[in-house]
Amino acid sequence: ICVVVSSKAPYTLDPILSSCYYPFDSSPDSQKYSQKYKSTSFTVSIRKADDPFIVLQRLTKGSNNFGLTAAQQRGIGFACISIGIILLLASAGAGYGLYLLIKRATAGGGLLGQTMQPSLVAPSYQPYQQPE
């Protein structure tokens, strides 16, 4: 059983926190002990309201887990940077390929290697006639 007392003297039971474990109420889940086993001995813990364990329970909502370790974060960061570099190189290669294709087309080679003959004759257009 864990009891929380106020942070300042006189030390009285904390009116808000009735347990040391999240969600800090008096439910059996908050007391972290089982009533299945009857014992003649038990442990009573008394903690102040600003105890680091109480703060840990409050910040992590009872999971006692602050998230990924530094090594896990480095691994994820390395994977993201690697994928970014691959995508950057692929897009740069596609852009360079498009540049070469346009350069060949404007140099007279055509898009697919055909030679293009410039036409000096203006296209002739027929006036539109409405059907009768």
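Biologist: How many salt bridges does the structure hold?

Modeller: Keep in mind that this is a predicted model. The structure holds 1 salt bridge. The side chains of Arg47 and Asp51 form it, at 3.3 Å from N to O.

Biologist: Back up a bit. What order do the elements run in?

Modeller: β-α-β-α-α, starting at the N terminus. That gives 3 helices and 2 strands.

Biologist: Which residues make up the largest nonpolar core?

Modeller: There are 9 of them: Cys2, Val4, Leu17, Cys20, Phe24, Ala49, Phe53, Ile54 and Leu56. β1 (2-5) and α2 each give at least two residues to this core. The largest share, 3 residues, is from α2.

Biologist: Now Gln57. Buried or exposed?

Modeller: Gln57 counts as buried, because its relative accessibility is 2%. The cut-off for buried is under 20%. Gln57 lies in helix α2.

Biologist: What is Gln57 in contact with, leaving aside neighbours within four places?

Modeller: Cys20, Tyr21, Tyr22, Phe24, Gly62 and Asn64.

Biologist: Switch to the outside. Which residues form a nonpolar patch on the surface?

Modeller: Val55, Leu59 and Phe66. Together they have about 350 Å² of accessible area.

Biologist: Where is Phe66 found?

Modeller: In the loop between α2 (52-60) and α3 (70-109). Phe66 counts as exposed because its relative accessibility is 68%, and the exposed class starts over 50%.

Biologist: Zoom out. How much of the chain counts as buried?

Modeller: 15% of its 132 residues. The accessible surface of the chain is about 11,300 Å². Carbon and sulfur atoms account for 63% of that surface.

Biologist: Last one. What share of the contacts with a separation of 6 or more comes from residues 24 or more positions apart?

Modeller: 44%.

Key
Residues are numbered from 1 along each chain as its sequence is written. This is a predicted model: local features need pLDDT of at least 70, side-chain atom pairs count only at pLDDT 80 or more; totals for chains, interfaces and linings use all residues. Side-chain values use heavy atoms; hydrogens and water are left out. Patches are made of residues with over 30% relative accessible area and no salt bridge: like charges are joined within 9 Å, nonpolar side chains (Val, Leu, Ile, Met, Phe, Trp, Tyr) within 5 Å. Accessible areas come from the Shrake-Rupley method with a 1.4 Å probe; for residues, only the protein chains shown count as cover. A salt bridge is a side-chain nitrogen of Lys or Arg within 4 Å of a carboxyl oxygen of Asp or Glu. Helices (H or I, at least four residues) and strands (E, at least two) are DSSP runs, numbered from the N terminus. Buried means under 20% relative accessible area, exposed over 50%, partly exposed in between (1.4 Å probe, protein chains only). A nonpolar core is a set of buried Ala, Val, Leu, Ile, Met, Phe, Trp, Tyr and Cys residues joined through side-chain atoms within 4.5 Å. Contact means heavy atoms within 4.5 Å.
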